[in-house]
Amino acid sequence: MAAPDSHRTAGWWRDAIIYQVYPRSFADGDGDGTGDLAGVRARLPYLAELGVDAVWFTPWYVSPLVDGGYDVADYRTIDPAFGTLGEAEKLITEARELGIRTIVDIVPNHVSDQHAWFRAALAAGPGSEERKRFHFRPGRGENGELPPNDWPSQFSGPTWTRVPDGEWYLHLFTPEQPDLNWAHPEVRREHEDVLRFWFERGVAGVRIDSAALLAKDPALADFEEGVDPHPYIDQDELHDIYRSWRAVADEYGGVFVGEVWLPDAERFARYLRPDELHTAFNFNFLSCPWDADRLRRTIDDTLAEHAPVGAPATWVLCNHDVTRTVTRYGREDTGFDFATKAFGTPTDPALGTRRARAAALLTLSLPGSVYLYQGEELGLPEADVPLDRIQDPMHSRSGGVDPGRDGCRVPLPWSADAPYCGFGSETEPWLPQPAGWSAYAADRQGADPESMLSLYREALLLRRTTDGFGDGPLDWLPAPDGVLAYRRPGGLMCVVNLSPGPVALPAHSTLLLGSGPLDGDGRLPRDTAVWLRA
Ligand code: TEU
């Protein structure tokens, strides 16, 4: 952990541990069933003890919460369900005093349909200046009854909605999330102003939601998969936008992490050029199955694609959009599957937990920074949320086929013996906690040296007090099939056994930490990882 006054120390983000807080589900300070800023403030000592360098808050702004807050009605006000702007400012200061920096989530692709701009656009009618900040178009067909184009949605369902005066507007996500027109100068000015607003309140960084989707093909032409360049993913205009954002961030020493889902390594790296974003999420690693060859290839590709632009890699096992790590790794097919999620797919929690523990040591010893989603340090599995309680629009928009993302958003268990596992609610939380949730409670795990929480605490402590972690070279060591072994600076080594049987460890002087015990012959069992000193 850094000293409090060094929250903008140049380069801190190159090897930081960044904890993701989903405020609705982290801790409930006022007992109303929804997590809030008071809850986070009360738990800051927990985050400090865990040893994180920064916290990224998913959107906490005023929002109808149609998409969990990614439908922002006002980027400069905290949603009353979460607290007030004054509380956010206090939270930022208190966190900084504990050596924890704050990262806010900016959602530039779209706003809520309750945002003042969209309401004004609806009221002003076709052809108005107000509508030009969005993508309004007449429909096709004889009476304009067909949507203006055939673009696929990021969620299932249509991307266009018709308003009563006959025009249609574009929304890559739900109809309650109209897309902004990034060719409009006011849209650009407004977002630069919002960045300043938060940097001035002491935030150290900004996560950029759906960062590769903002710019649209100006013709809004139909799209033929495999024939046309994509009409809204990774348009060249984006780089100009992020260069001007970077200039704003540089005034404050702030940093960016872009949510850039792009399989093409070369295109991905363009966002990380020195005058654009500092970092971007690395979803190829997250979606990689538990397989030594594929993981090694993903790690090599990731490091290779970052090297030419000088940006550090980021590593992430889970976030608020994907199935919990323990559940994913406990499946026979450990691949990442958007569509089926955890529902109905058999999973072995013991196997998943063993692998998730090994994956933690793998991830935390790779070069770069690491994102840790709340509850991962507790080894939470994906929760089965009863169908009639699911709130994620991905579920309803898929006609109930996709269970959506609520299973990884269930309120955290803090105390095994308290109501609602100590989440803080006096009534049932907004998503129900499954039976057996108290077994994962932070207080129970804190008292158990074998728990996932103890593993994370020890690993993070070692990571910040031992040379060799974070930014810097990685050299692969010779290893049997199915085993990942690499050396970091100063003789630090990590060995992960993904092969079916136990393997001998390379020569070493000290065993720093293991995700599980060695066998009777001092060998590393399957699905286990160790940190060694040469
Ligand atoms: O996600 C962007 C995104 O592309 C998602 O559609 C992603 O593919 C999906 O969630 C995977 O399951 C961001 C946020 O992280 C997500 O929570 C929001 O719903 C979305 O943007 C819209 O703002």
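**Where two domains meet**

Across the interface of domain 1 and domain 2 of this predicted model, the rule finds two salt bridges. A salt bridge joins R133 and E186, with 2.9 Å between the closest N and O atoms. On the side of domain 1 that touches domain 2, α6 and α13 (393-397) each supply at least two residues.

Let's step back to see what is being joined. The domain assignment divides the protein into domain 1 (12-108 + 185-404 + 445-460), domain 2 (116-170) and domain 3 (473-533). Between the C-alpha centres of domain 1 and domain 2 there are 30 Å. Where they meet, 18 residues of domain 2 are in contact with 20 residues of domain 1, and 10 residue pairs are in polar contact.

The size of an interface is often given as the accessible area lost when the parts come together. Here domain 1 and domain 2 bury about 1,600 Å² between them, with carbon and sulfur atoms giving 56%. On the side of domain 1, L220, Y232 and R397 lose the most area to domain 2, together 39% of what that side buries.

Now follow the chain to helix α7, residues 238-252. After α7 comes G253, with a positive phi near 70°.

Methods. Residues numbered from 1 in each chain as written. Predicted model: local features only at pLDDT ≥ 70, side-chain atom pairs only at ≥ 80, totals over all residues. Heavy atoms only, no water. Helix = DSSP H or I, 4+ residues; strand = E, 2+ residues; numbered from the N terminus. Domains from an automatic or database assignment. Contact = heavy atoms within 4.5 Å. Buried area = accessible area lost by both parts, 1.4 Å probe. Salt bridge = Lys/Arg side-chain N within 4 Å of Asp/Glu carboxyl O. Polar contact = N/O pair within 3.5 Å; in protein donor to acceptor, adjacent residues only side chain to side chain.
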